[in-house]
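This report describes one protein model, beginning with a single residue and then turning to the chain as a whole. The sequence and structure are shown below.

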Amino acid sequence: MAAWVMSAHIVTLGLWSAALLILAGLYAAPPAADERAALHRHALMCRYVFVILGSPAAVLAILTGSALVALRGVDGSWLLAKLAVVAMMGMYHVYCGHLLHAQEQGPLPAPPFWKPPLLILVPILLISTILVLVLAKPDVVLEYQLAPQP
């Protein structure tokens, strides 16, 4: 049972990660505001990736990850760090939803020079951090562990 849940978790996390990277690429290079057909196509691609691929994969990845914790009894400070990074990944997902909503109100303005690299760098760093935490399972020292014990 746990092997199937693990497989489902890996697949859904991969799909969610792919969706966030696709959205980052789409939002980093929006079409020109005067090209109505390109704007419409861009909005459709963003909506499809967010609604059909990204959001269901995110929900399933979080549910299967929670099931894995319950089934395998996983613990450790690395898990807390991973959950924090997953929460940040969820916030980035919500930000992509905000961009999608703003895009429906009208064409997105040209992003400042620093925003496209940041849009792509954030999900890469989050996904890489999750991979390192899961594969290495480092012993993360938390603040309460540093305090002297009575």
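In which loop is lysine 137 found? Lysine 137 is found in the loop between helix 4 (115-136) and helix 5 (143-146), where helices (H or I, at least four residues) and strands (E, at least two) are DSSP runs numbered from the N terminus. The model is a predicted one, in which local features need pLDDT of at least 70 and side-chain atom pairs count only at pLDDT 80 or more, while totals for chains, interfaces and linings use all residues. Residues are numbered from 1 along each chain as its sequence is written, and side-chain values use heavy atoms, with hydrogens and water left out.

**Lysine 137**

Although lysine 137 is not a glycine, its phi is positive, at about 45°. The residue is partly exposed because its relative accessibility is 46%; buried means under 20% relative accessible area, exposed over 50%, and partly exposed in between (1.4 Å probe, protein chains only). The charged end of lysine 137 sits over the ring of tryptophan 78, 4.8 Å from the ring centre. For this description, NZ of Lys or CZ of Arg must be within 6 Å of the ring centre and within 35 degrees of the ring normal.

**The chain as a whole**

The protein chain has five helices and zero strands, in the order α-α-α-α-α along the sequence. Its C-alpha trace spans about 65 × 40 × 20 Å along the principal axes. Of the 150 residues in the protein chain, 31% are buried. Contact means heavy atoms within 4.5 Å; among contacts between residues at least 6 apart in sequence, 84% join residues at least 24 apart.

The accessible surface of the protein chain comes to about 9,300 Å², and carbon and sulfur atoms account for 74% of this surface. These areas come from the Shrake-Rupley method with a 1.4 Å probe; for residues, only the protein chains shown count as cover. The protein chain carries 7 positive and 6 negative side chains, and the centres of the two sets lie 8 Å apart.

**Residues within the helices**

Serine 17 has its place in helix 1 (residues 2-28). With a relative accessible area of 9%, serine 17 is buried. Neighbours within four places in sequence aside, serine 17 is in contact with Met89 and Ile127.

Helix 3 (residues 77-105) includes alanine 87, and valine 86 is also found in helix 3. Why is valine 86 counted as buried? Valine 86 counts as buried because its relative accessibility is 16%. Alanine 87, by contrast, is partly exposed, with a relative accessible area of 43%. Residues up to four places away in sequence not being counted, valine 86 touches Trp16, Ile62 and Ile130.

Leucine 121 lies in helix 4 and, at 43% relative accessibility, counts as partly exposed.

| Pair | Separation in sequence | C-alpha to C-alpha distance |
|---|---|---|
| Alanine 87 and isoleucine 62 | 25 residues | 9.8 Å |
| Valine 86 and isoleucine 130 | 44 residues | 7.5 Å |
| Leucine 121 and leucine 21 | 100 residues | 9.3 Å |

Definitions and conventions:
Lys, Arg positive; Asp, Glu negative; His and termini not counted. Charge placed at Lys NZ, Arg CZ, Asp CG, Glu CD.
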